[in-house]
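Please prepare a report on the structure shown below.

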Amino acid sequence: MISLLLSPEMTGRLKPVLSRLPMQPPTQALALALNRWLLPRLPADARATLSRRAVRIDVIDLGLSLPLLLDERGFRPAPTGAAVALRIAAAAPSYWRLLRGSDDADRLFFERALVMEGDTELGLVLKNTLDAIGPLWA
């Protein structure tokens with residue numbers, strides 16, 4: 001089912017529609033998912049490093065740009081105009097491979113399937129934390 005939704009055919013059809021819609025609803029959905037599956041497993045030191053720093057997740061094949069912020073309440077959409085410390089960009093299938101643990105961030109990065117731009121230290125903390133935690137979706 002997920003493979004069908006993430007096929008190039010389907011994402012090609014969805015992108016023109018999704019890229020025109022407000023980004024707040026999918027950003028809120030991503031924040032809720034991260035609060036459920038990532039936040040409880042996020043070590044205190046990683047939480048401190050990520051705190052109050054905007055990270056933008058771009059799903060390039062769907063035309064989604066999802067800015068997030070971590071604060072004391074958890075992940076939430078970043079305020080409009082917030083400076084983005086780190087941008088992570090990939091196609092939906094690459095994010096799915098990362099979430100399932102079938103590939104790690106290094107492999108996706110070297111395949112050029114995943115791009116990280118911005119604060120290098122923040123990117124490394126996030127990558128190393130995700131590696132240590134393991135798959136978020138088993």
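The report below describes a predicted model, beginning with the sheet and ending with the pockets.

The strands of the predicted model include five that form an open sheet, arranged in the order β3-β2-β1-β4-β5 with mixed pairing. At the edges stand β3 (74-77) and β5, each of which pairs on one side only. From one strand to the next, the twist averages 25°.

Strands β1 and β4 run parallel and are joined by six bridges, with Asp 58 opposite Ala 89 of β4. Strands β4 and β5 return to the antiparallel sense, over five bridges, and here Arg 87 faces Glu 117 of β5.

## Burial in the sheet and the helices

Strand β4 spans residues 84-90 and is mostly covered, since six of its seven residues are buried. Helix α3 lies across β1, β2 and β3, and it runs at about 45° to β2. In helix α5, the buried residues are Ala 92, Ser 94, Tyr 95 and Trp 96. Gly 101 follows α5 and has a positive phi, near 85°.

Leu 70 belongs to strand β2. Is this residue, Leu 70, buried or exposed? Leu 70 counts as buried because its relative accessibility is 3%, and the limit for burial is under 20%.

Beyond its neighbours within four places in sequence, Leu 70 is in contact with Leu 39, Leu 42, Arg 47, Leu 50, Ser 51, Arg 52 and Phe 75. Leu 70 and Arg 53 are separated by 17 residues in sequence, and their C-alpha atoms lie 6.9 Å apart.

## Exposed residues and positive phi angles

Two arginines have a positive phi. Arg 52 lies in the loop between α4 (44-50) and β1; its phi is near 60°, a positive value in a residue other than glycine. With a relative accessible area of 51%, Arg 52 is exposed, the cut-off for exposure being over 50%. Arg 52 is also one of the residues in contact with Leu 70.

Arg 112 is placed in the loop between α6 and β5. The phi of Arg 112 is near 65°, again a positive value in a residue other than glycine. Its relative accessible area is 75%, so Arg 112 is exposed.

At 56% relative accessibility, Gly 118 counts as exposed. From Gly 118 to Asn 128 there are ten residues in sequence and 16 Å in space, taken from C-alpha to C-alpha.

## The largest pocket

The largest pocket holds about 1,300 Å³ of space. Its lining comprises 44 residues, and those closest to its centre are Leu 30, Leu 34, Ile 57, Tyr 95 and Leu 99. Tyr 95 is also among the buried residues of α5.

Which elements each supply at least two residues of this lining? They are the helices α1 (2-5), α2 (8-18), α3 (24-37), α5 (92-100) and α7 (120-133), together with the strands β1 (54-59), β2 (64-71) and β5 (114-118). Helix α3 gives the most, with six residues. By class, the lining has 37 nonpolar, two polar and five charged residues.

## The second largest pocket

The second largest pocket has a volume of about 210 Å³. Thirteen residues, given as 13 in the lining count, surround this pocket, and Phe 109, Met 116, Thr 120, Gly 123 and Leu 124 lie nearest its centre. At least two lining residues come from each of α6 (105-110), β5 and α7. By class, the lining divides into six nonpolar, three polar and four charged residues.

Definitions and conventions. Residues numbered from 1 in each chain as written. Predicted model: local features only at pLDDT ≥ 70, side-chain atom pairs only at ≥ 80, totals over all residues. Heavy atoms only, no water. 1 Å grid on protein atoms, 1.4 Å probe; cavity = no way out; pocket = protein on both sides within 12 Å on 5 of 7 lines; lining within 4 Å. Points joined across faces, edges and corners; volume = space filled by probe spheres on them. Helix = DSSP H or I, 4+ residues; strand = E, 2+ residues; numbered from the N terminus. Nonpolar A, V, L, I, M, F, W, Y, C, P; charged D, E, K, R; others polar. Pairing = 2+ DSSP bridges. Axes fitted to C-alpha atoms, helices over the stretch in contact; angles between N-to-C directions. Contact = heavy atoms within 4.5 Å. Buried < 20%, exposed > 50% of the residue type's maximum accessible area, 1.4 Å probe, protein only.
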